[in-house]
Structure formats: C-alpha cells, structure tokens
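User: I am new to this structure and would like a friendly tour. Please show it to me, and then we can go through it one question at a time.

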Amino acid sequence: MLLVRMKLLQLLARKPGKILLQLAFGQKQVPYLCLATSTCLYSKKKKVNSYEQVDQEKYKNLVYSVTSYKTSAQTPETILEEDNLLYGSPAKHRPPVKAETKTPKNWVPLINPNKRIPLLNSDSDLPMKISLQKTKMPSVTRILQQTLSPQQTFYLERWKQKMILELGKDGFAEYTKNLFLQGALFHAALESIFLSEETASKEQREDIDISGYLSSVQHVLEDVSEVKALESAVQHETLQYLGLVDCVAKYRGQLCVIDWKTSEKPKPFLKNTYDNPLQVAAYIGAINHDANYNFQVSCGLIVIAYKNGSPAHPHFMDPDLCSQYWSKWLLRLEEYKDKN
C-alpha cells in the first residue's frame, strides 16, 4: 500500500490534473481528480510573457521614448501658441495693432523758417480777401477726396446709397444742393458779421435755412477777434497746392485758421470731423509759405454748427496737434502725386 502511494505522488509531481490510475489489483482505469494542493500549484508551468520574446536591444530607444513621455510637458505659453496657430488669437485679448508709422519723403516744415514777419503791424482794418485763381495746382479738397482710404470710401458710398433709397436720385441731388447752399449762406452771414462787427442782418437771422446755424455759433463768436482773412485764397509755393480759407482770426488770444462746418448730427469730438483737421493743417502750411500773407499761423479751430441751434462744438488744435496732422497731410499729398 505504501508503495502505491509513493508512485501516486511521483505521478502527481510530473503531471497535475486528471490522470488515470491503474490499480495494482485490477485492470480497470478510473479517472482521478487532483486536488488543489500546494504540490499541484508548484508544479504548474509558468506562463510565457510575449514581451520577453521582443528584441529589446533593437527597440530600446523607442521603448524609452514612449515610457519617458509626459503629458504635462506643455506650458501655458506653448498651449497658447498652438491655439493661436490653429484658431487665431482670441478677439477679446488681441493686443492692439500698432499702426505703421510712415514719414513723408519730401518733408517741408509747417512753420516757414525763411518768412520775415514785419515788426510793426501795418495791416489795414479790413481782413484780406484774395480771389481764388484757376491754375493747374490741385486744391486741398480735391487731394483729400482722391486719397480717401478704402474704409472711408465704403462708408461714404453706403451712406449715399442709403440716402438714394430714401429720397430717390433726384431727391438726393436736391438734398446735396441744399446742403451746399446752406453752407454758402452761412459763410456769407459770418462774413458780414466780421466785416461790420455787428450781428447778422434781420433777413439773415430770419432765414430759416441758416438761422439755426447762426444761433449755434453765437458763444464761439464771442471768443473770436482780430480777423485777418476771410474767404481768402492760399497756396503753398513749395508743395504746389492751393485752397480757400474760411477765416484767419484770434480765438481766445491764439491766431488760428478757422474752418466753419455745418452738421445735422452732433460731432462732440475732433475724431468725428474725419479729414477736416488735415484740411486745416494744409491751410496753415499754405499760409505760412504764401508770400501774400505777412504773418504765420500755428493753431487751428474747427467749429461744428448745428441746424437746430444747439451750441456749436469748437475743436481747438494746438501747435503740437497741428504738426501731427501736417505730417498726415504730407503723406496724403504724396499719395495724390503718385496717383497722378
């Protein structure tokens, strides 16, 4: 019996699982189920790991790069760069784009260093009024109109089409004609005020087309004195352009080129006047380089008068501001000459 048990243990050590035992006292084979003993567990074959069969020496660099990669390697800066590349910068956090600063190729100073100003004031009591002569020189108005930016042209055309839809072509033509007529009547009324140093005539005050404009500028007229020029032609002898100045007078003690503008909408800020500051700067430069004028100007004033009689907005341009717009005017002048 002991011998049978020893043989059984030897068989279990060699092959666990179901075995057939042939009993020593018979020929019949019976199945025998091996119990989960420590001997059976120990005797199980170790499973083969498929990764151990890989040539690790050949692929060690690849394995190292994969196992050493960290998803946290990106920084907020690299993520932002990646987002900017894919989607562009966020609109709300986009830094302001600095406009390219251009300098005029042909620089001419605003103030004429060669102009002699008489020590004694020999001016007559009447303001200068030089008629505008037809020449080949372009006018300031023409130069500005032909060098409008694409954005300015777009908005101007959109406004024109909107007005045509509301008024029709004939109605829009009549509307613009009336605007020019009101402007001419308003300037004529101001001229009569400055020449006579009195208020406008009864007919002008009662003219419904300009009465509101005259009421609008009353508080500005109180600060205007010593008128030197009215509706007078000026030309820049070096840069070869000309224009018609509304008024040259002192405003609160500062000699200015004054430009009177009419408007149906409020324009409380200088930026609302579009190219008017460039026009004023161009007139200042022309006066300073025109031999017909024995004085120089360094300041400007744009007065926006309203048809409804509300107080006008006076926009004063000091010498520094005039110099800035003078540089912009020179660029527009160069652009015009390049086109023509």
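User: Which helix gives the largest share of the lining of the largest pocket?

Analyst: Helices are DSSP runs of H or I with at least four residues, strands are runs of E with at least two, and both are numbered from the N terminus. A pocket is an open set of points on a 1 Å grid over the protein atoms alone, with protein on both sides within 12 Å along at least five of seven lines, and lining residues have an atom within 4 Å of a point. The largest share here is 17 residues, and they come from helix 6.

User: Before we go on, what kind of model is this?

Analyst: Residues are numbered from 1 along each chain as its sequence is written, and side-chain values use heavy atoms, leaving out hydrogens and water. Local features need pLDDT of at least 70, side-chain atom pairs count only at pLDDT 80 or more, and totals for chains, interfaces and linings use all residues, as this is a predicted model.

User: How much space lies in the largest pocket?

Analyst: Its lining has 42 residues, with Leu 156, Trp 159, Thr 262, Lys 267 and Tyr 274 nearest the centre. Besides helix 6 (150-196), the elements that each supply at least two lining residues include strand 4 (241-251) and strand 5 (254-263). A volume is the space filled by probe spheres set on grid points joined across faces, edges and corners. For the largest pocket that space is about 2200 Å³.

User: How many charged residues are in that lining?

Analyst: Asp, Glu, Lys and Arg count as charged; Ala, Val, Leu, Ile, Met, Phe, Trp, Tyr, Cys and Pro as nonpolar; and the others, Gly among them, as polar. The lining of the largest pocket has 17 nonpolar and 13 polar residues, and its charged residues number twelve.

User: How much space lies in the largest cavity?

Analyst: In a cavity, a 1.4 Å probe fits but cannot get out. The count of cavities of 30 Å³ or more is one. Residues lining the largest cavity include His 187, Glu 191, Asp 246 and Trp 260, and helix 6 gives the largest share, four residues. The space in the largest cavity is about 40 Å³.

User: How many residues of helix 10 are buried?

Analyst: Buried means under 20% relative accessible area, exposed over 50%, and partly exposed in between (1.4 Å probe, protein chains only). Helix 10 is largely enclosed by the rest of the structure, because its count of buried residues is 13 of 13.

User: What is the relative accessible area of His 289?

Analyst: His 289 sits in the loop between helix 10 and strand 6. Setting aside neighbours within four places in sequence, its contacts (heavy atoms within 4.5 Å) include Val 108, Asn 112, Gln 235 and Thr 238. His 289 is buried, and its relative accessible area is 8%.
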